[in-house]
Amino acid sequence: MNQPAMPNSFRTGPDEQGMFGIFGGRFVAETLMPLILELEQHWNEAKDDPEFKAELSALSTFYAGRPSKLYFAEGLARHLGGAKIYFKREDLNHTGSHKINNCLGQILLAKRMGKKRIIAETGAGQHGVASATVAARFGYPCVVYMGATDVARQSPNVFRMKLLGAEVRPVSAGHGTLKDAMNEALRDWVTNVEDTYYLIGTAAGPHPYPEMVREFQSVIGTEARQQIVEQEGRLPDVIIAAVGGGSNAIGLFHPFLDDKDVRIVGVEAGGHGLDGIEHCASMNAGKPGVLHGNRTYLLQNDDGQILDGHSISAGLDYPGVGPEHSWLRDTGRVEYVPILDNEALEAFQLCTRTEGIIPALESAHAIAQAVKMAPTMGKDQVMIVNLSGRGDKDVHTVAKTMGMEI
Amino acid sequence: MTDTRIDRRMAKLKAESRPALVTYFMGGDPDFDTSLSIMRALPQAGADIIELGMPFSDPMADGPAIQAAGLRALKGGQTLKKTLAMAAAFRKTDDDTPIVLMGYYNPIYIYGVERFLADAKTSGIDGLIVVDLPPEMDEELCIPAIRAGINFIRLATPTTDDKRLPTVLKNTSGFVYYVSMTGITGSALADTDRVAAAVTRIKGHTDLPVCVGFGVKSAEQARTIGACADGVVVGTAIVNAVADVVGAKGEITADPVGAVTTLVSGLAEGVRAARLAAAE
């Protein structure tokens, strides 16, 4: 394996072709190319436009509730012994997760581009809810594609989307999870290119999506970096986030990438373990390939057919990952580790009991990694865990694992 | 100008003043042997060029029919290696009919581009259509394919405007595949006047033959499209003819070769009548 050259900065990517090293790119059907180029042009104009930035900033403050708090999780830290643990409270945002950050940015872009209709894919339903929310707020019709398996295991979010006026279309292809929802959303987009804006929920897909979603989510890391300096007087020793597609993680990580002394850990869904195929740890157990418009680490067989994977957490149940994470993995800047379903479930319970905070199962994976690391660290050391979403949506799933029907 | 079986076939048909019938079927659907029999029957039934589908687990530009065909093929054990073996087996009895492999990039990328091109060449492959490799990604496969003497056939769509057409056509060879509508495979046919106008527009930018696909299902449609294009591509209708004789458990309920032959013969009649109709 060729080790990519160590860059002077980890924060300059992607290049003009949308590449992070060998990862990223624009692997899409010709029908979509003119749209993607148009999107890139509008994005490049918008990101430096003070008016666009001011509108997004006002919505983030007064609608989404930013900045989100950086909270010292004293109860959990005391229980574990060792490092001081801070939670970045993205669960307190409007709609209950970090997804709103990206949706507000992209809906403003859709408005700028004069699009008339919003489509989105969703796994756990958090991005679907956030998309339906901004569509309602700005008066757009919205169609959300969601795998049939996820529709069943995330029924509260399905109902929320419907209340918000979105149409939820279940996708039964494959295992009926996020991958299949994304295929179907792309098919919709290819068919309705004229008037439709595809609001991708994670930092993946064809360029410029990975960069754009990262920029909208980087508010997490930018705030956290400032907040920890205010509260602790220094940068953290470790930052941790769960990685499915990887938008909450890249949002936290990106502003810290050039802080050499900050150890950065991304947590993949280890499912039932990496020995079999019942996991979603694409960077630990997959290899580079091309899917959904970008080259990245993928779970696949020897013939290049994509595997479905498994995770207890619908939001991590995706066989790929955003291309920038693949590059950060290969450069060694970020460590990616797996957390098993049962470890995440234990962390879910522990956080609920010691902090009075019910975390999303996705975020519980990051907490589980903190549970492993904190006791090995000193009491003067500081860790930030991205609490990317709240766990109300997961109580049915968790109850089921405890043998209860609610 | 390249000199491949595609170029020679297109030149011959131009001399005969009739459009090409380009037939797509899914390699390995529902199993290798049946699929090879279908492939062998295609030229006899009137197919001028064969598009051999490479199954992929996540065909993001295909409709339900081709999605299902790909899954049947994968379930039947088809791999890219077997698809190449199918072409090689076909070549033993037919050295003239051009074969174009059509599919998605990932299986090729995993196979290894250089190894794939070498094996494709020895298997008698003449051209490639890779849906998710736009001109922006030409370094991946298009340029190496041209170097290996294999045509890289690009799709042009209604969203490909005059500004973008030169980019799309730049490294295209063999023919241009005009996708007559935005959407996934198997959708309804676009208005023929608009198709004719689009073909004329593309021909203003290139001397390559222009074949039209997406939505052609009947002999009548083949005749109408054939009147304004150098070739008519039929895919979903053929895939459906196979699907109709495969039962719920994958068992074959009637003769798939016969079903495809009947359909393709009818389409061939339509295509052959196209220029007569245009001359009337």
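Reader: Which side chain meets that of A:Lys179 in a salt bridge?

Author: This is a predicted model, in which local features need pLDDT of at least 70, side-chain atom pairs count only at pLDDT 80 or more, and totals for chains, interfaces and linings use all residues. Residues are numbered from 1 along each chain as its sequence is written, chains are lettered from A and ligands numbered from 1 in the order in which they are written, and side-chain values use heavy atoms, with hydrogens and water left out. A salt bridge is a side-chain nitrogen of Lys or Arg within 4 Å of a carboxyl oxygen of Asp or Glu. At 3.7 Å, N to O, the partner of A:Lys179 is A:Asp308.

Reader: How many salt bridges are there between domain 1 of chain A and domain 2 of chain A?

Author: An automatic or database domain assignment supplies the bounds: domain 1 of chain A covers 20-51 + 98-208, and domain 2 covers 64-96 + 217-402. Between domain 1 of chain A and domain 2 of chain A, the count is one salt bridge.

Reader: What area do domain 1 of chain A and domain 2 of chain A bury between them?

Author: Buried area is the accessible area (1.4 Å probe) that two parts lose on being put together, summed over both. Carbon and sulfur atoms hold 58% of the area buried between domain 1 of chain A and domain 2 of chain A, and the total is about 3500 Å².

Reader: Which residues in domain 1 of chain A lose the most area to domain 2 of chain A?

Author: Together they make up 22% of what that side buries. They are A:Phe23, A:His98 and A:Lys179.

Reader: How many residues of domain 2 of chain A are in contact with domain 1 of chain A?

Author: Contact means heavy atoms within 4.5 Å. Domain 1 of chain A contributes 42 residues, and domain 2 of chain A contributes 47 residues.
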